[in-house]
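Please read it alongside the sequence and the model.

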Protein chains: 2
Amino acid sequence: MLKLSRTLNSFSAVPIRSMSVLSTYLKYSEYGEPVGVLKKFEETLNEPENDQVLLKILVSPVNPADINVIQGKYPEKPPLPAVPGNECVAEVMACGPNTKSLQPGDRVIPFVTQLGTWRTHALFEENKLLKVPKELGLVQAATITVNPPTAYRMLKDFVPVKRGDTIIQNGANSAVGQAVFQLSKLWGIQSVGIVRNRPDIDDLKSFLLELGASEVLTEEELRTTTIFKSGALPKPKLAFNCVGGRSSTELLRHLDDKGVMVTYGAMSREPVTAPNAALIFKDISFRGFWMSRWGRENLHSAVRREMLDELIEIILCGDLKEPVHQMIPFEDWENALKGATNFTGFSGGKYIFDFRE
Amino acid sequence: MLKLSRTLNSFSAVPIRSMSVLSTYLKYSEYGEPVGVLKKFEETLNEPENDQVLLKILVSPVNPADINVIQGKYPEKPPLPAVPGNECVAEVMACGPNTKSLQPGDRVIPFVTQLGTWRTHALFEENKLLKVPKELGLVQAATITVNPPTAYRMLKDFVPVKRGDTIIQNGANSAVGQAVFQLSKLWGIQSVGIVRNRPDIDDLKSFLLELGASEVLTEEELRTTTIFKSGALPKPKLAFNCVGGRSSTELLRHLDDKGVMVTYGAMSREPVTAPNAALIFKDISFRGFWMSRWGRENLHSAVRREMLDELIEIILCGDLKEPVHQMIPFEDWENALKGATNFTGFSGGKYIFDFRE
């Protein structure tokens, strides 16, 4: 006899007798500009079978990488046709008979990449989901798997950084940059952020200093700063680069001997130049970081589980705030994606699809 | 009562009653082109005192870095005035009363950098010298502290390379390149060397294949080779770059995911370009290596002693040949330095000063 779906038995918090929902979703069958290749569809999802879990998606962010995936410009290429979207937070509506750990009413986030989250409802396998506390804010939960872990791993995995040491980063108002400032502050690390000049630069500086930055400089100010020469701050041991080109060269100039520059983005689309003297005589390393790869390589590792537990705890303690964002009803997906396609990565804000009615 | 100098007591292999030698040496008091700033001098050296050792220098190589030091273009800047020269092999003539391990007749090499070896005789402190077996050839001994250890450390310290794995290197006929081929062969590692095209390319390829290279390609051949795509050789995990610029970009194209490019020279004077996709998505690292720094940081370490012992054993077994070189009597120092200043690093040969009469 088949085990009954858990929605139908007494374990269910909210017993549901017959489960059938209409899911609205986006889909693309060829790579291209999102507004051109994405179409909206509907399908009926029935009761979850085996280890499936029926989800109601609550919110899902539009990350720059999501756009690159749809454009076919990203190394992760889901088999086509595909539903876009990589991160979300969802509520469990029903669990298949072979599920083990989830219950209707639980909040979950994707445990793997490229599940396809831009849909109102989904049937996913239980082992591709991670339960998170309901106390986490919706945006906090929906944006926890990419940017905070990127900041976390870059601070931990490249060169030992102790309390009082300095790190420096460009594109410092990005979602990762904001997480870097907050984690650095929490761990006693001094952080210098570099941003492009702009009309509201004073507001931006105040915002980032408030988050935890020790110093925020424009690209121009970095060229003439004496904060490292004067000893006001120790020379940075670690630089995080999401811009490339000249901006990374300027970061490099201030790096301490044996320092490491970690590239995790390339907003300028220019490569990093590694001068021979920096490599040979200063023993500076040029490394890269990509969360998707790290996640794949450490999928079921204790270190990944511990990191996510620690990040959740940090967020619940109020030490890691959600990124600046704008909620967009899912019906307005075309306008959101038009805006996101022009996203430069410097605005520090991101669109979040809201699937709740 | 002072302990008598060991040359005067019965421990001396060749007792010498009164020690006084005339040393001929080069000296520079300002940085510049070697032939312009170097002058020849003579001085009388008396019996060694305390922990001093009186040496008769036998041979000393002219390394490209020696020229850069005299030009003031090297990070190591000996206090001026200075005697040039970094490597040599010498014979101990007499030992001061507080010396512990050396005896007259011993062969020694410098244990530290920039001692100033371009002189016929010298008084150095015992702890700045390392005894080597007399069975070592003079050129082998005089060139053992920079190039073979560079090859050794680059093969060991950056990424695990097991038997059957591949490494790739440009400027492959340099002294380091020759050592890389020989150590790779000894350790079962496949090695691909890249050289510039030249009239006698077939002879050069034969010479390097004979040394141990698995494959030797010109820069042009590298651009279209299919040896890695076809699976004839596994993709390299490690690349050694002493050229920079476009040559390093071509090496990079063939590197396996998670590969490391180690830069130890810059013959083209062009920087290394680190493409963002290589850093982020292929997880390729760009590192540097400088033997002088490594030597300083590991001066008295067991790992340095073990490496030198192992290299001496490898040489004595015939598995690491001395580099192609040309002996030059010390009297002809001006002509040798004129030639060395135009040294491009690609000839694979080097001048060795011969101080023996």
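Domain bounds here come from an automatic or database domain assignment. With those bounds, the centres of domain 1 of chain A and domain 2 of chain A, taken over C-alpha atoms, are 32 Å apart. This is a predicted model, in which local features need pLDDT of at least 70, side-chain atom pairs count only at pLDDT 80 or more, and totals for chains, interfaces and linings use all residues. Residues are numbered from 1 along each chain as its sequence is written.

**Between the domains of chain A**
- Domain 1 of chain A spans 6-143 + 322-354, and domain 2 spans 147-293.
- Each of these domains gives 14 residues to the contact (heavy atoms within 4.5 Å).

**Between chain A and chain B**
- Chain A and chain B contribute 30 residues each to their contact.
- About 2300 Å² is buried between chain A and chain B, 57% of it from carbon and sulfur atoms (accessible area, 1.4 Å probe, that two parts lose on being put together, summed over both).
- Four salt bridges cross the interface of chain A and chain B.
- Asp257(A) and Arg293(B) form a salt bridge through their side chains, at 3.1 Å from N to O.

**Strand pairing across the chains**
- β13(A) runs antiparallel to β13(B) (residues 272-274), joined by three bridges; strands are DSSP runs (E, at least two residues), numbered from the N terminus, and pairing needs at least two DSSP bridges.
- Opposite Val272(A) stands Ala274(B), in β13(B).

Technical notes
Chains lettered and ligands numbered in written order. Heavy atoms only, no water. Helix = DSSP H or I, 4+ residues; strand = E, 2+ residues; numbered from the N terminus.
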